[in-house]
Amino acid sequence: MAKCWSEYFQLPELLEYSRRYMLTQEMRELITTHMLIHDGETILEVGCGTGYLSRYLSHSRKNLSLTGIDLDQKFLSMAEQFTKQEGLHNISYIQANANALPFAAHSFDHVVSHTFLTSTQTPLLALSEMHRVVKPGGSISSITPMSIMPTVLEEGCYPPDCSYITRYKILFEKVWQMYERINPLADYINAVDSGKVPQMFVREGLKEISLFPIGYAFSFSDASYSRAAREQYIDLCYQDEAKKFEHFIALGGWKKFLTSEEVREYRQLLQEKKAYLQQHLDDNSIFEWNGRANIMVTGRA
Ligand SMILES: C[S@@+](CC[C@H](N)C(=O)[O-])C[C@H]1O[C@@H](n2cnc3c(N)ncnc32)[C@H](O)[C@@H]1O
């Protein structure tokens, strides 16, 4: 099976969960309006992952017809499952490459994507394909993060009894270096900075280009989220990192970056971190944030 995003970047479960906080219910009307979407239109989502954006948009206007494409079958299976669970009948998913979309020219009123153009090897080619399949006068919208790395606040935000954090941060840096250097999909994360997306739209010949910022923040200690939501987030973060780490170890090549002792220690520290965060769920003492700014760029064909 081809090396895929769901193995080397995010588990489908964590991808799906994090999207709930990136694309909130409160923002739906604004996002849909800025995407220029109206009742009864056809939408293609490129690099749809677990289909969160398609499902999110499907509730925004009447009688929309949506299609999601992605290379990663694991994500698509999950997308199908969620769509069924939500009782939606207006979204279909197809495994396809964004660089050669299996649609005739001018097939859709809108083409949208979320964290895709910054996460694909050939964003210019993908954008030209998106342009080819959108109808004249239709729109293309891309939402991408200003930074791919989760932003974690500095030391000092952890209580004095937190024994794992100093060592964890040192090892996490090393593990990330390994991820970046031996990732079989490394070109993806180096694809394009989101600041360049508006220029890509200009270069592609799109008109009436507009920008719309979308902020996002989630914290283990944010009292505005339910206890169950925070608990689930801690668990998913643990599972995600633990599985991803093992996928990379299985690739070989890690010895240039880590000793066997460090590999053992990192596994142990991940467990300690999970246990510690769970113990401190209710006291708001750990301000570890995952937050970022996204920009949405929209242009007319
Ligand atoms: C960061 S994930 C975003 C997934 C989803 N849009 C979301 O935000 O939840 C990037 C996605 O782009 C997909 N992808 C990357 N290059 C692709 C290509 N050439 N054709 C189709 N999908 C691609 C990956 O498989 C992955 O699902």
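Domain bounds here come from an automatic or database domain assignment. For this chain, that assignment gives domain 1 (5-149 + 186-217 + 292-300) and domain 2 (165-182 + 221-279). Keep in mind that the model is predicted: local features need pLDDT of at least 70, side-chain atom pairs count only at pLDDT 80 or more, and totals for chains, interfaces and linings use all residues. Residues are numbered from 1 along each chain as its sequence is written.

Let's start with how the two domains sit together. The C-alpha centres of domain 1 and domain 2 are 28 Å apart. Eight residues of domain 1 are in contact with ten of domain 2, where contact means that the C-beta atoms of two residues, placed from the backbone, lie within 7 Å. On the domain 1 side, α1 (5-8) and α2 (12-22) each supply at least two of the touching residues, and α2 gives the most, with three. Helices (H or I, at least four residues) and strands (E, at least two) are DSSP runs, numbered from the N terminus.

Now head over to strand β1, residues 42-46. Four of its five residues are buried, that is, 20 or more other C-beta atoms lie within 10 Å of their own, with C-beta atoms placed from the backbone. Two strands pair if DSSP finds at least two bridges between them. β1 pairs with β2 (residues 65-70) in the parallel sense over five bridges, and V46 stands opposite I69 in β2. β1 also pairs in the parallel sense with β4 (residues 108-114), over three bridges; here I43 stands opposite H110 in β4.

Key
A residue is buried if 20 or more other C-beta atoms lie within 10 Å of its own, exposed if 12 or fewer, and partly exposed in between; C-beta atoms are placed from the backbone.
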